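Subject: Structure handover

Hello,

Here is the structure I promised to pass on. Please open it first, then read my notes below.

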Amino acid sequence: MASGMGVRGTTGRCYGFYHDLLECQHEYQKTLLTEGKDSKPCSDRRQDYFECLHSRKELTRVKAVLLEEAKQAYEAKHGKHAH
């Protein structure tokens, strides 16, 4: 991943997120050394990178949509208050 190369020899799909995270971490280290600030400014970029890698939020949303579609199809077939 650190090379930026994907499986087919092109830029990896998450490399942009990785690169942004890496730049943020370097800036954070510079700020920490010069100003002594101790904050976590890169957490949003880290979340974006991990979402790109693992798609957990996306899969959760897809699952919710599929469950709602199944619920609506069941209600349309069996009536809204069928148990």
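**The ring cluster**

Tyr-15, Tyr-18, Tyr-49 and Phe-50 are linked into a cluster by ring pairs. Rings of Phe, Tyr and Trp (its six-membered ring) pair if their centres lie within 6.5 Å; planes under 30 degrees apart are stacked, over 60 edge-to-face, and the rest tilted.

Two points on the source. This is a predicted model, with local features needing pLDDT of at least 70 and side-chain atom pairs counted only at pLDDT 80 or more, while totals for chains, interfaces and linings use all residues. Residues are numbered from 1 along each chain as its sequence is written, and side-chain values use heavy atoms, leaving out hydrogens and water.

Back to the rings. The count is three aromatic pairs. Tyr-18 and Tyr-49 make a tilted one, 5.6 Å centre to centre with 50° between the planes. This pair links distant parts of the chain: Tyr-18 is in helix α1 and Tyr-49 in helix α2, 31 residues apart. Helices here are DSSP runs (H or I, at least four residues), numbered from the N terminus. Tyr-49 and Phe-50 have ring centres 5.7 Å apart and planes at 70°, so that pair is edge-to-face.

How accessible are these residues? Buried means under 20% relative accessible area, exposed over 50%, and partly exposed in between (1.4 Å probe, protein chains only). Tyr-18 and Tyr-49 are both buried, and Tyr-49 has a relative accessibility of 9%. Phe-50 is partly exposed at 34%.

**The core**

Which residues make up the largest nonpolar core? There are eight: Cys-14, Tyr-18, Leu-21, Cys-24, Tyr-28, Cys-42, Tyr-49 and Cys-52. Helices α1 (15–35) and α2 (43–54) each supply at least two of its residues. Helix α1 gives the most, with four. Such a core is a set of buried Ala, Val, Leu, Ile, Met, Phe, Trp, Tyr and Cys residues joined through side-chain atoms within 4.5 Å.

Leaving aside neighbours within four places in sequence, Cys-24 is in contact (heavy atoms within 4.5 Å) with Pro-41, Cys-42 and Arg-45.

**The salt bridge**

The count is one salt bridge. The rule asks for a side-chain nitrogen of Lys or Arg within 4 Å of a carboxyl oxygen of Asp or Glu. Glu-27 and Lys-30 form the bridge, with their closest N and O atoms 3.6 Å apart. Both lie in helix α1, three residues apart, about one turn of the helix. Glu-27 is partly exposed, with a relative accessible area of 44%.

Best wishes
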